[in-house]
Amino acid sequence: MKKKLVSVLLAATMLASVLAGCGGSGSEPAAETPAAETPATDAAPAETPAPETNDTAAAETPAADGEAVTLKWAIWDKDITPYWQALKDNYEAANPNVTIEMTDLGSTDYMTVLATELSGSGSDFDVVTIKDVPGYATLVSKNTLEPLDSYISAAGIDLSQYGGVDKQVTVNGSLYELPFRNDFWVVFYNKDIFDAAGVAYPTNDMTFDEYDALARQVADPTFGAQVYGTHYHTWRSAVQLFGVLDGQHSILDGTYDYFKPYYEMVLGQEDDSICRNYADLSAEGLHYSAAFSGGDVAMLNMGSWYISTLIASLQSGEYDSSLCGNWGIVKYPHAEGVEAGSTLGTITGLAVTSVSDNKDAAFDFVEWVSGAEGAKVMAETGNFPALMNDEVAGIIAGLEGFPTDAESKEALSVSNLYLEVPYAENVSEINDILDTYHKSIMNREMTIDEGIAAMNEEVGKVLGQ
């Protein structure tokens, strides 16, 4: 269904992305800076108290007697993020005895501010929004979040609907949040470039070899009429995290030899003018949106957050539709033997505080927002929920401006979602090390082997290997 209202909401979402800026501090959790790139506080120590069993409380129906309940909810950027109010309004409509009071803590240092609030004796939040994994780990370590295991069990929630994300944020066997928003990586492509080259469009089942070959087919190095087969933003996640799509590796491994084939592919493409040069991109500060909207990039690997920005920018006239208006998306490429639809992601979650006097009602709200009803609300505001089913995918695919081809709709289906930053100790230090040597490799200051050896050595020290 094509709705004009959606255009307005998408424009608001775009505004949130613009206000976020390249520092990733806006309402879009990964809109400009993926979690893997964001400086983070150290995660929780390994010793975390075991969850208390609360089967009786979890089994109770929140506010079953119809008593009025007020839940206080910590969020950020209320005025420029459409889904906060939409979630509140829809939940209150379905639960007229519950009032949701939102407190905007701002997007700058949100998790630090939240940790300070929850550590104070005066905190009275019932539900808190979790912006990133390192911040989540900090809150768990401070015993400020309620373990949700007994509530989840009593409610019969099928955690498999979240694509395995729950396992990546489980702390010592317990889960303290449920995801409600998910941004994942796809490949955007310019159909006009492929048409002009007489080359078939990318598909939802491409190996990296096929992806590399396709980029080379459509590239044109002719000076003054140059076309780039693909584009990589300067984030290390745009290259390194290809290596974690097999589900066997993560940035926490401590040894990173599996990065090598992907560095070889990308640097080889640079050498052959298939993609822009990293050093030039860094010096110029060229944003990925400017690269794709310029009409000379055939493929762009980027997060789903760019969909709403791309649609809204074309509708507003900020982007020239003759250059990039004929676009589509497909699933991320994958290594041989890896299931198509495996991709990287970042999540936004909800948690119940340990000090809440309304834990049952708070969990009911968390369950609703992270479930099918909340997912529909998220999709209707142009955002990607953590729970993606056929109905939700249909809502997103029906947004005005979304590509009408079947491949683009199918690309919304994720088979395996691997977090850019899974839960672990010392993740901030690991991020910094990997980022440092990524820059050294891409700037040709170190060879691939030298850079990876340095990563192995330095992260090994952090991990005590």
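**Close-up views of a predicted model**

**View 1. Helix H10 spans residues 260-271.** H10 holds 12 residues. From first C-alpha to last, H10 reaches 16 Å, close to the 16 Å expected at 1.5 Å a residue. The model is predicted. Buried positions in H10 are Tyr262, Tyr263, Met265, Val266, Leu267, Gly268, Gln269 and Glu270. These buried residues pack against four helices: H9 (208-218), H11 (278-284), H19 (427-442) and H20 (448-463). Ser273 follows H10 and has a positive phi, near 60°.

**View 2. H10 packs with H20.** The angle between H10 and H20 is about 145°. Their axes lie 10 Å apart. The crossing is right-handed. On the H10 side, the contact residues are Lys260, Tyr263, Glu264 and Leu267. Ile448, Asp449, Ile452 and Met455 meet them from H20. An α-helix has 3.6 residues a turn, so residues three or four places apart point the same way.

**View 3. H10 packs with H19.** Here the packing angle is about 35°, and the axes are 11 Å apart. The H10 and H19 crossing is right-handed. H10 contributes Tyr263, Val266, Leu267 and Glu270 to the contact. H19 contributes His438, Ile441 and Met442. Tyr263 and Leu267 of H10 also take part in the contact with H20.

**View 4. Ser273 sits in the loop between H10 and H11.** Phi of Ser273 is near 60°, a positive value in a residue other than glycine. Most residues other than glycine have a negative phi. Ser273 has a relative accessible area of 29%, so Ser273 counts as partly exposed.

**View 5. Ser250 lies in the loop between H9 and H10.** The relative accessible area of Ser250 is 18%. The cut-off for buried is under 20%, so Ser250 is buried. Leaving out residues up to four places away in sequence, Ser250 touches Val244, Tyr256, Tyr258 and Pro422.

**View 6. Asp109 lies in the loop between strand S2 (98-104) and helix H4 (110-119).** Asp109 is a residue other than glycine with a positive phi, near 55°. Its relative accessibility is 52%. Exposed means over 50%, so Asp109 counts as exposed.

**View 7. The largest nonpolar core has 146 residues.** Trp73, Leu114, Leu145, Phe188 and Tyr306 touch the most other members. Strand S4 (residues 178-190) gives the largest share of this core, 8 residues. In soluble globular proteins, nonpolar side chains tend to be buried together.

**View 8. Trp73 and its contacts.** Neighbours within four places in sequence are left aside.

**View 9. The whole chain, for context.** The chain has 20 helices and 8 strands. Of its 465 residues, 58% are buried. Among contacts with a separation of 6 or more, 77% join residues 24 or more positions apart. The accessible surface comes to about 17800 Å². Carbon and sulfur atoms account for 48% of that surface.

Note on methods: Residues numbered from 1 in each chain as written. Predicted model: local features only at pLDDT ≥ 70, side-chain atom pairs only at ≥ 80, totals over all residues. Heavy atoms only, no water. Helix = DSSP H or I, 4+ residues; strand = E, 2+ residues; numbered from the N terminus. Buried < 20%, exposed > 50% of the residue type's maximum accessible area, 1.4 Å probe, protein only. Contact = heavy atoms within 4.5 Å. Areas by Shrake-Rupley, 256 points an atom, 1.4 Å probe, with all protein chains shown as cover. Expected span 1.5 Å × (residues − 1). Core = buried A, V, L, I, M, F, W, Y, C linked by side-chain atoms within 4.5 Å. Axes fitted to C-alpha atoms, helices over the stretch in contact; angles between N-to-C directions. Left-handed = near helix turned anticlockwise from the far one by under 90°.
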